[in-house]
Structure formats: C-alpha cells, structure tokens
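Me: Please go through this model by question and answer, with the criteria stated for each term.

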Amino acid sequence: MANNHYICIHGHFYQPPRENAWLEVIEIQDSAHPYHDWNERISAECYAPNTASRILDKVGGVIQNITNNYARISYNFGPTLLSWMEVNDKETYKAILEADRESASRFDGHGAAMAQVYNHMILPLANRRDKETQVIWGIRDFEKRFKRKPEGMWLAETAVDTESLEILAGQGIKFTVLAPRQAKAVRKVGEAEWKEVNDQTINTTKAYRCNLPSGKSIILYFYDGNISQAVAFNGLLNDGKNFAERLMGSFHHDDDTPQLINIATDGETYGHHHKHGDMALAFALEYIDKNHKVDLVNYAYFTAKFEPQYEAQIIENSSWSCVHGVERWRSNCGCNSGKGYTQTWRGPLRDTFDWLRDTLSEIFEVEGATQFTDPWEARNDYIKVILHRREETANKFIATHAKSDVNVNKALRLMEMQRHAMLMYTSCGWFFDEISGIETVQVIQYACRAVQLSKQLTNRDLEGEFLTRLATAPSNLKQYEHGAGVYKKLVLPSKTNLTGVGMHYAVSSIFEEEPENLPLFNYQATNEFFVKKEAGEQKLVLGITKVRSLVTRSEKRFAFAVIYLGKHDIIGNLSLDIELDMFAGMQFRMVDAFEDGRLGDVISIMQTYFGPEKYSIWSLFKEEKRKILDKIARQGLEEMEISLRRTYNRDYPLVNALSNNNIPIPNAYRTTFEYILNADLLKCFLPDRINIKTLERIVAELARWNLKIEDPDRVERIAGESIYQELQRIRSEKTDLKRVQRLNRLFPMLAKFSLEPNLYLSQNLYFQMYQDHKEDQTKQAPKEWVAQFKALGENLGINVE
C-alpha cells in the first residue's frame, strides 16, 4: 500500500427467509422456473458466479482467467441466506467463507466479510429488546461461519437511529455503512462548529466517527451515492473498464490525505439484476489491481489503518431505500415498485404486528418466568440452538438457562414463538407493492406460526383478534379484499401441526419402499407397527406411528389406514386414540377384505373404526404432493410412449420414404416422431457417459424432418450436467483420448439447435485442470491428447496456450 488513494466496493448479498414456517424448508416457487425457488435461481445467477468470475480477453471474448470476486471486495451475506446456502449450495458457501480468509491474509488480518442484523429487521422500528437480539444473533451467526469476530455490521436497508448504533458499539462493532443522505452534519475532530451536509455535499471519501450519548463511538462510512446509483441502475456495469475508470477518477486531487472511494449496492446487482455483472466486476477489480497508484481495500482494513479525522451526526430514522426515512416499512409514503398500486396496507400491517409482538411478549414474560432464570437472556442465547439443530445443543441450552423443574417442550415452544415473532418483521414484507405478494405472505405466515405456538402454550387464541386487525389492511386485488383474506387464502393452506404431519406421513407411505426414511423436514416419524399390502395397482397401508417435532420436541401417536385405488385416488383415515386390540381387529378385517378384492368393504371398515372424516392426496405438503403427482403422470407418459414408439418403429420406413420424395409428412406422424426422438435425445445423456453415436443419429433425424426440440431448457440443463460429469471422468482418467474426442463431438450438435447449456461448473473444472497441467511438467501428455484438450477448452470458451 504505497499511496493515499483507496477503493472499496461493497456488496450487500441478501434474500429474505423463504422457508415454510412449519416445515423449515423452501417449497417450490413456480415464479423462479426453471429453478426450484428464488434462492436457488439467484445463487446460480449471482452468488456462485462471483466465486469464480470470468475475465475475458479483448479479442475473442474467451476466458483468460477465473477469480473469486469476494476476496477483493467488501461484502455481507444475510445469515438466513447463508443457512440455506450451507445446505443447498455447499460449494458456493465454502468459496464465500474462503474469500474472507483470503482477504484477511491480503489485508493484514482484516477480512472482507461484514456481519448483518439477523433477519433484516428495520431496527429503528423495533423495540430495544428486538434490536439487541437481532444484533447478537447476527454476530453469533457470523462467528460460527467465519470463525472470527466481525469488525463491521450491515444494518437492514441501512436504516439507522442512535439507539441502534449504541447497541452495535456495545457489542464491539467498530463500523457500519450508510447512504450519503443519512448524514446530518459533520465537523473536523477538535472543531466546535457542526456543518450541515446532504447527499451531494458530504465528502464520502472520509471515515467519520459518531460519538454516542453513552460515551461510546462507532465509525461511519457514507458510500458514494452517485457511483452506486450508476452501478445499480444506470448501466455502469455494461463495461468493466468504464466502471474501474469511474472509480479511479473520483478522487479529490487537491487532497493529499487518505481518501476512500467506496460504493455500496445490493450484491445481486452483480449477476442477477444485471446479467454478467459479476464479469464486469471481475474486470474492474483486475484493472484497478494493476494500477499501482490506487489500492483495493475493504472497510475493516481502512478502519484499522486510519484514525478518522472527522465526526458525523446522523439523520435519525433514515435509510438507503426510502427518501422519507423509514416510512416505506410503516406507511403509504409513495415509495413502491411502480405497479400503480396503493400501499395503504403497510400501516395497518405494521400496527397489527406490533400488537401481536407486544401480546406475545407478555405471554413470554409470564410463561417464560416459570421455565427460565432470565427469559430474555435465554432468547439472546437461543441462536446457538438455531445454528446447531441437534439434541445435545438444545440440552445444553436448557441446562444453562432453564429452571430445575423445566418443561422442555414448553421452554422450546416459547423460544420458537419469539423467533417467529422476529421473523415476521423481515423488511421485505413491507418493501413491495401489494399485501398478497410472496414476501408479505411469508411474514404473515411467520406471524401465524407465532399465534399457533401461543395458543399451544396458554390455550389463549389470538387468531380472531389478529384477523380483525389484519382486515384493516386493504389489498389492491379484489380476490383477497384485505390482509385477513390473504391470510385465509394464501397462509392457512400452509399451516400444519403434528396431526397434519401424521396425515402427510400416512399418505406418503403408500409410495415409499422404506417409509421411516421418508423426509419429514423438521419432524420425525417412528413406526410402532406398519403393514403394506399390494394387489396390482391397488395398495393398502396400516400403521401406528409416533410423530415428533425436532424443534420443539412435541409428539403425538397416531393410528392410520390408507387405501390407494390407482392414479391419484387415495382414501385415508387417522385416529389419535384407537386402542391396540381394536386396531388389531381392524387390521385383520381390512387385510382380509383387501386380499379378497372387496375394496368397498375396506372403505366401509375404515369408516367404522375411524369415522367419516377422510384425507387424500390433497392432504400432502406442497412439495411431496407435486412429487407424487409427477410420478403418477410419468407412469401415464411411459404408457403413452410405448404406444407411440410402436407407431414410430412400424411406420419409420414410410415416413422416411415420404421425406425422401418431398411429400409432406402428416402432422400426426410429425407429432409422434418428434415425441419419440425427444425422449431418446434425453436418454443419450447417461449417468456413466454421453451416448454420442445415438445423439448424432437423433440430431440428424430431427434436422432432416425439420422437427423441434420440445423442451430446450431441459435439454440444456441435462447437457450442462452431463458435460460436467464427463469432464470429471476425463480428469480422473488423465489422458483418455477417446473420451475427450467424444465430448468434443457434442458441441457442434448443440450449436446446430442453438442450445446453450450452462457451462459454469465445467469451465471452472477445465480451468483447474488446465492450471494443474501447466504446473505438472513431470508428465508429458501425448500431443494428440493435448490437441483435443485444447479444442475442448475452445468449445468451453476458455483461452488456452
């Protein structure tokens, strides 16, 4: 570091928690197609690419280098997003953590990562206890993942007030980042007079100390609003060189003291909001790094290196995404996404949640006092259980905080009630335009779960009052009318309990070979008795099982019987209190009737023992319901394919003759042949190899008869996965010439139908193989293999020497 010109680029990487409040998993989100959900989609478009971003050459646009952007910027990730990524995108998760270690080694032990308040709650609108827990949970989550204490913390929407800064400073946080319009006044250290500033007059190249009423202080960085705006919204990311030069050209040349050009945007800007934005960032970082007059740094490094020479006062209750302060999260202030909707629902929703929070706090204090030595201190420490959902962690938590006569189930329910009472304040619930949007439905779902837990704890039903208050929050859409309508139509269908889980288990067991291995998310089923009978397509299952919540340890014992009549026709019954001898008698009669083919008697016996209330395939959780319906549909499609294939095999010579003589092929034949060839096309991508020879025949026939690939997105996805698997085999087999040759034959066929598979993982692996090959000069590969390997690099878009 040889000069006083520094640049810091910050990315705020965040997604709201999307998990079903009861199952603790994200259910399929069709709006994110072709991905399972929005987390998966944005990770593929942004989070993962930034761990291995491409730097292209100037001429052919092929890859020259692959780099981890996170190691050279400042960044924060939402804790709830990282908890998802830890399970669902492990490679990206590891690369993000490694980037912090890499940056620490580069910047004198100061890592690039910042912590974030736990679930993106707007702190100025929260009470003090929630502020404290949000900060403490954010810090503990960071420490668990990054294995160090955070130096800085990101505030949700950079929303700030003095009390929040006091809490940050009290927890050892050294700095935070704000928007330039959040600065009220500044002065040089030692001067008496304050100078009022605004977003255009504040000098954003300086660090500012904010002295707090308690006597503590915290350092503030106000990012460059104009450049940040240009990056996020005005096309500056269209050219990485322009981006870099805009940053390097923003220093004040009449100032020879340390200057920090710092910008902050949503991290999703780099790849999700702007396609290939990660590559523009990678180019800019490389370009700046090669300029010896400017140094790339992170906030933590700059904080440690330079003592602030200026002080600042903040504008209370301000944020980066609402010009009205924090009104976007409590009123119809006019900030919206431009759909023409009114946001008069925001205030009533906030008031409803505040009422619920305060009511739940009263319950927590009264009931918590019977279980914990200090309920609020226990809540702050409950993050340890959330981060390690294991029996021993919960036991340790109980041993530390609970009274000797604790009811463990009640104690854990109290903690979960409080967790959901904070999750319901996730900022995205108010950010967008309509109360029926998925983000707002999500926070109402968390509120619903908190209400349910409160009733289980006290037998006090808050739902009626909650709905009455929700009804004052108007929807823009007639089908919902108001928040209570949204609750009934979009939230209640997701609500479940142990009985609902028992129903799901019973119906699902029809289709599982080993029912006890059936995934039940954060529940567990243990069979005391289970029998399954099959007669052709019909199936019968009977059982007694115990369902247990792995979160609260609540459990119930059920007896069930389910009969499957074929397709999606399922009839089931469930009972909580059937006696063992009665169940044994029922079992004997039902199995006897089933084996005799008397299905009507089976159903009649079920009604006799269980009563008239039934459940069906529609009782399943959303994800499992779709999986089973897809399985049933595939069976029908397989039967249809057999029929169509007979026509294809029988009439192939005829269709070929028609084509050779320029006679139009009847549409019925075209449809049949297109279907069969598409089915065979997908089968070419086998687990152990790609069947290139068959693929070449199919592609030739599709082209000759001018037939289409029906689902190009699916073919692209499967082809991309198969190329990666084939490349892994090439790596393990070293110099297998034929395998490389076969893979190279695939690319012209894909180009023929304008198919563009996702080569991200394959490019990463190839680049690593290429680097290994360059470094290992002890083994000389055959020239023909080297030529084919180089051709493979060109097919993958990588420049090799």
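Me: Leaving aside neighbours within four places in sequence, which residues is Leu 576 in contact with?
Reply: The model is predicted, so local features need pLDDT of at least 70 and side-chain atom pairs count only at pLDDT 80 or more, while totals for chains, interfaces and linings use all residues. Residues are numbered from 1 along each chain as its sequence is written, and side-chain values use heavy atoms, with hydrogens and water left out. Contact means heavy atoms within 4.5 Å. With neighbours within four places set aside, the partners of Leu 576 are Lys 556, Arg 557 and Phe 558.

Me: Where does Leu 576 lie, and is Leu 576 buried, partly exposed or exposed?
Reply: Helices (H or I, at least four residues) and strands (E, at least two) are DSSP runs, numbered from the N terminus. Leu 576 lies in the loop between strand E18 (569–575) and helix H20 (580–595). Buried means under 20% relative accessible area, exposed over 50% and partly exposed in between (1.4 Å probe, protein chains only). Because its relative accessible area is 46%, Leu 576 is partly exposed.

Me: How many Å apart in space are Leu 576 and Val 486, C-alpha to C-alpha?
Reply: In sequence, Leu 576 and Val 486 are 90 residues apart. In space, their C-alpha to C-alpha distance is 32 Å.

Me: With which residue does Arg 557 form a salt bridge?
Reply: A salt bridge is a side-chain nitrogen of Lys or Arg within 4 Å of a carboxyl oxygen of Asp or Glu. For Arg 557, the closest N and O atoms of the pair are 3.1 Å apart, and the partner is Glu 528. The pair links distant parts of the chain, 29 residues apart: Arg 557 is in strand E17 (residues 555–566), and in strand E15 (residues 523–535) is Glu 528.

Me: What is the relative accessible area of Arg 557, and what is that of Glu 528?
Reply: Arg 557 is partly exposed, with a value of 31%. Glu 528 is also partly exposed, and its relative accessible area is 47%.

Me: Why does the salt bridge of Glu 151 and Lys 174 tie together parts that are apart in sequence?
Reply: The side chains of Glu 151 and Lys 174 meet at 3.5 Å, N to O. Glu 151 lies in the loop between helix H4 (128–146) and strand E6 (153–154), and Lys 174 in the loop between helix H5 (162–170) and strand E7 (175–178), so the parts tied together are 23 residues apart in sequence. Glu 151 is buried at 11% relative accessible area, whereas Lys 174 is partly exposed at 45%.

Me: In the salt bridge of Arg 650 with Asp 651, which residue is buried?
Reply: The closest N and O atoms of this pair are 3.0 Å apart. Arg 650 counts as exposed, because its relative accessibility is 58%. At 10% relative accessible area, the buried residue is Asp 651.

Me: Which residues do salt bridges that share partners join into one network, and to what does the count of salt bridges come?
Reply: The network consists of Arg 72, Arg 106, Glu 286, Asp 289 and Lys 290. By the stated rule, the number of salt bridges comes to 56.

Me: What separates the C-alpha atoms of Asn 476 and Tyr 341?
Reply: Asn 476 lies in the loop between helix H17 (463–470) and helix H18 (483–491), and is partly exposed at 24% relative accessible area. Not counting residues up to four places away in sequence, Asn 476 touches Tyr 341, Thr 342, Trp 345, Asp 433 and Glu 434. Although Asn 476 and Tyr 341 are 135 residues apart along the chain, their C-alpha separation is 6.3 Å.

Me: Which peptide bond is cis, with omega near 10°?
Reply: Pro 34 is found in the loop between strand E1 (5–13) and helix H1 (38–47). The cis bond runs from His 33 to Pro 34.

Me: What is phi of Glu 24, and what is phi of Asn 706?
Reply: Glu 24 lies in the loop between E1 and H1, and its phi, positive in a residue other than glycine, is near 65°. Asn 706 is in the loop between helix H24 (692–704) and helix H25 (712–733) and counts as exposed at 60% relative accessibility. Its phi is likewise positive, and for Asn 706 the value is near 55°.
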